Amino acid sequence: MSGIAGHGAAVHIENCGKTFPDGTQALAPASLDIVSGETLVLLGPSGCGKTTMLRIIAGLETPDAGGRVLFDKTDMTAVPIEQRHVGMVFQSYALFPNMTVAENIGYGLKIRGVDKAARAARVAEMVALTNIGGLENRRIDQLSGGQRQRVALARAVAVRPRVLLLDEPLTALDASLRDRLRSELNSLLRSLGITAIYVTHDQAEAMELGDRIVVMRKGAIAQIGTPREIYFAPQNRFVAEFVGAANIVEGPVASGRLTLPGGWLALNDAADNAAAVAMIRPETIGIVAEADAFLRGTVESVAFIGDRQRLVVTGAANKPLTVDAPNTINVRAGERVGLSVTPQAVRVLPKED
Amino acid sequence: MSHRNFIWICLLPLVVVTAAFFLLPMAQLLAVGAGGSRGVSAYLAIITEPRYRATLINTVVLAAATTVATLVIATIAGLFLQRHRFPGRAVLIAMLTFPLAFPGVVVGFLIILLAGRQGLIGAITAAVTGEKVVFAYSIFGLFLGYLYFSIPRVILTVMAAVQKLDIGLEEAARSLGASPWAVQRDVVLPALGPAFVASGAIAFATAMGAFGTAFTLATNIDVLPMLIYTEFTLAANFAISAALSIGLGVIAWAILALARSMSGGAVAAAG
Ligand SMILES: Nc1ncnc2c1ncn2[C@@H]1O[C@H](COP(=O)(O)OP(=O)(O)OP(=O)(O)O)[C@@H](O)[C@H]1O
Ligand SMILES: [Mg+2]
């Protein structure tokens with residue numbers, strides 16, 4: 001045992017698929033490696049199989065035949081959840097209503113036969129770590145949502161789990177609390193150095209918390225990568241559109257140029273293609289004088305958001321382009337503008353149907 | 001018409017019915033109880049008179065045993081039935097809850113068919129051991145009859161409560177290392193507490209007051225409802241039977257109130 005969290009296991013998932021008895025294929029066979037101490041985020045829209053994947057790792061679901069789950073190279077596939085030594089935080093928190101806060105946090109230790117004094121010490125440590133001092137003797141129904149979330153986290157971490165599994169732990173909270181707890185959770189996970197698998201459908205949460213993100217779609221893995229890779233180099237249109245805002249443009253590519261209705265864009269080493277699809281992030285498009293640009297369009301609308309302004313520009317591409325411009329430039333709807341985009345900012349995507 | 005008047009008008013039928021069919025007869029019963037040769041002390045006879053007291057103890061013990069046994073059996077069955085899907089499940093539930101509609105007489109009859117002098121168990125034991133086992137007319141026959149009576153009601157309540165249990169609680173306990181037994185002990189049973197109190201109260205009260213089964217079986221069993229019946233019809237002792245009736249009601253109510261207050265902490269915590 002090392003540190004406050006204990007040892008974080010490396011998790012290896014091999015060919016794990018899941019078909020439910022009613023015939024629903026929630027997960028196509030997938031493989032995944034999670035490094036010891038890493039926070040891996042499973043991100044995807046509702047129903048894409050995130051929870052199913054998490055439950056397979058936890059041992060609450062068995063994968064279809066051929067699938068294996070390993071912790072530190074030990075096959076855990078047949079090991080029931082009570083012996084896997086995982087910590088779980090549920091979206092509903094699932095706190096025991098017949099126990100106090102302290103009893104909830106200490107439950108896993110009590111079940112494992114830790115003596116009373118050591119248990120009390122560990123509970124106190126967790127209470128301090130999660131900032132819930134003074135609530136120890138409260139009943140669960142006397143806590144706010146944010147406090148419940150902290151207790152659920154403290155309870156899961158108290159047993160020094162090999163892997164911490166979190167299923168949308170912040171979704172039930174209101175927006176401002178969610179933002180605050182998100183950054184708290186982030187620094188907590190970093191300081192614990194625990195292996196964590198975090199399920200969410202919120203891409204901002206995924207970006208902030210994840211060392212790496214697994215984007216999932218319809219029971220399959222769409223892309224695995226660091227937040228930057230996922231954001232700047234999406235491998236397909238689904239990832240590009242699901243993570244952040246994206247302009248998807250279509251046109252022919254010849255000799256390093258993507259031709260669009262309003263002009264052309266320079267590309268970094270792109271193969272010739274009669275019908276290419278490319279992604280451009282709204283904040284990578286610069287607004288310049290019409291004469292200075294190779295791509296031009298008409299400003300259709302300007303929305304001032306405070307820290308920036310969001311323009312919609314028509315005529316440049318086959319679809320209106322969204323542009324996040326600095327809040328200082330002065331443009332009006334109806335104006336002709338030039339658009340400047342660096343070659344690195346244009347990401348050509350594989351053609352899909 | 002004001003909102004308040006409207007509510008009073010809606011409540012009027014209830015008030016009339018309560019007064020006519022509940023309060024008036026109860027008042028009459030109270031008066032009859034005190035109007036005999038013993039006067040008001042008739043109300044104490046249920047405790048002071050040794051024969052009545054023995055019957056009272058019999059009845060309470062029988063009702064308590066029935067309640068405990070019913071809760072144990074119905075909880076196990078209810079948990080299983082609510083959590084598992086298997087062919088024949090619907091039929092099994094229908095069968096288990098079938099006796100809901102039976103009057104006590106029919107239940108008594110069933111017990112006689114099972115364990116009476118010409119009963120199934122008698123025939124089997126006679127063939128196997130040479131000795132005929134007959135217990136339908138004993139307190140055990142009555143106990144069995146009451147079980148038969150109470151299990152359906154309790155099973156339905158437990159199943160409804162189990163359905164409302166957050167399965168996440170059990171999964172959380174398991175993830176923390178709790179064995180299946182520990183999960184039942186620490187999570188499931190506490191969460192079912194309110195359902196136990198509610199359905200246990202009904203089972204207990206039903207067993208305290210059940211008459212039909214006792215009447216059908218009773219050759220040598222003394223339970224309070226039977227005692228009231230014999231005092232009333234055979235001895236024409238109206239005052240005593242009225243006092244015993246009130247006593248039966250008060251004691252059943254007091255025991256239930258006690259059980260509820262003792263489980264109160266646990267129930268509130270589980271809610
Ligand atoms: N026990 C089950 N039986 C049948 N189908 C199921 C079962 N559990 C989940 N599914 C289906 O499997 C698919 C994936 O479910 P899962 O819960 O993993 O999605 P999710 O990505 O966690 O979604 P959400 O963001 O809404 O929680 C869904 O289509 C769901 O309806
Ligand atoms: Mg889910």
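Predicted model: local features only at pLDDT ≥ 70, side-chain atom pairs only at ≥ 80, totals over all residues.
Local features need pLDDT of at least 70 and side-chain atom pairs pLDDT 80 or more, while totals for chains, interfaces and linings use all residues. Residues are numbered from 1 along each chain as its sequence is written, chains are lettered from A and ligands numbered from 1 in the order in which they are written, and side-chain values use heavy atoms, with hydrogens and water left out.

**View 1. The residues around ligand 1 come from chain A.** The shell holds Phe20(A), Asp22(A), Thr24(A), Ala26(A), Ser46(A), Gly47(A), Cys48(A), Gly49(A), Lys50(A), Thr51(A), Thr52(A) and Glu168(A) (a residue is near if one of its heavy atoms lies within 4 Å of the molecule). By class, that makes three nonpolar, six polar and three charged residues (Ala, Val, Leu, Ile, Met, Phe, Trp, Tyr, Cys and Pro count as nonpolar, Asp, Glu, Lys and Arg as charged, and the others, Gly among them, as polar). Helix 1 of chain A, residues 50-58, gives the most to this shell, with three residues (helices are DSSP runs of H or I with at least four residues, strands runs of E with at least two, numbered from the N terminus).

**View 2. Polar contacts meet oxygen atoms of ligand 1.** A polar backbone atom of Gly47(A) sits 2.7 Å from a ligand oxygen (a polar contact is a pair of N or O atoms within 3.5 Å). For Gly49(A), a backbone N or O atom is 3.0 Å from an oxygen of ligand 1. Lys50(A) uses a polar side-chain atom, 2.8 Å from a ligand oxygen. On its own, ligand 1 has 640 Å² of accessible area, and the protein covers 62% of that (Shrake-Rupley method, 1.4 Å probe).

**View 3. Chain B is built from 13 helices and zero strands.** Its C-alpha trace spans about 75 × 70 × 35 Å along the principal axes.

View 4. The assignment gives domain 1 (1-34) and domain 2 (45-263) (bounds from an automatic or database assignment). Their C-alpha centres lie 32 Å apart.

Terms used:
Polar contact = N/O pair within 3.5 Å; in protein donor to acceptor, adjacent residues only side chain to side chain.
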